Amino acid sequence: MDYRISYPFLWEEIDPKNDNVDVFVTFEDGRSYTLTVATPDNVKSLMDKASLPYLPPSAPFLFVETLTQEHLQQLVESLLNDPPLLELYGSNLCP
């Protein structure tokens, strides 16, 4: 399965331990998915910022320990092994 991962951010502008990012996965056949990936520390900081004991409902996050290309690649590869999860967590931009 041929695909490409791209990142709509600059690596030096994110905090690898406390941030969330979008990750684009594009397939050779034209399908394209957007994944939202966060760190556990980021979820806690979002709850603190909102002064809430929970994270308000939103698009589903995927989680990595730290935001690195290696961790994001591993996450995408795990989703490719389970297509229903890719559909669940990814926004399909091009049917």
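Student: What does Gly 30 count as, going by relative accessibility?

Tutor: Start with the cut-offs: buried is under 20% relative accessible area, exposed is over 50%, and partly exposed lies in between (1.4 Å probe, protein chains only). Gly 30 has 35% relative accessibility, so it counts as partly exposed. This is a predicted model, in which local features need pLDDT of at least 70 and side-chain atom pairs count only at pLDDT 80 or more, while totals for chains, interfaces and linings use all residues. Residues are numbered from 1 along each chain as its sequence is written, and side-chain values use heavy atoms, leaving out hydrogens and water.

Student: Where is Gly 30 found?

Tutor: Elements first: helices (H or I, at least four residues) and strands (E, at least two) are DSSP runs, numbered from the N terminus. Gly 30 sits in the loop between S2 and S3.

Student: How many helices and strands does the chain have, and in what pattern?

Tutor: There are 3 helices and 5 strands. Along the sequence the pattern reads β-β-β-α-β-α-α-β.

Student: Which residues have the most contacts inside the largest nonpolar core?

Tutor: In soluble globular proteins, nonpolar side chains tend to be buried together. A nonpolar core is a set of buried Ala, Val, Leu, Ile, Met, Phe, Trp, Tyr and Cys residues joined through side-chain atoms within 4.5 Å. Here the largest has 20 residues, and Val 23, Leu 35 and Val 37 have the most contacts inside it. Strand S2 (20-27), strand S3 (32-38) and helix H2 (69-80) each supply at least two of its residues. H2 gives the largest share, 5 residues.

Student: What does Leu 35 touch?

Tutor: Beyond residues up to four places away in sequence, its contacts include Val 21, Val 23, Val 25, Leu 62, Val 76 and Leu 79. Asp 22 and Gly 90 are also among them.

Student: Where are Lys 49 and Ser 51 found?

Tutor: Lys 49 is in helix H1 (residues 40-50). Ser 51 is in the loop between H1 and strand S4 (62-63). Lys 49 is exposed, because its relative accessible area is 73%. Ser 51 is at 65%, so it too counts as exposed. Check the backbone as well: Ser 51 has a positive phi of about 55°, although it is not a glycine.

Student: What radius of gyration does the chain have?

Tutor: The value is taken over C-alpha atoms, and the globule rule is 2.2 Å times the number of residues to the power 0.38. For 95 residues, a compact globule would have a radius of gyration near 12 Å; the chain has 14 Å, which agrees. The C-alpha trace spans about 45 × 30 × 20 Å along its principal axes. Buried residues make up 35% of the chain.

Student: How much of the contact count joins residues 24 or more positions apart?

Tutor: Take the contacts with a separation of 6 or more: 56% of them join such residues.

Conventions. Contact = heavy atoms within 4.5 Å.
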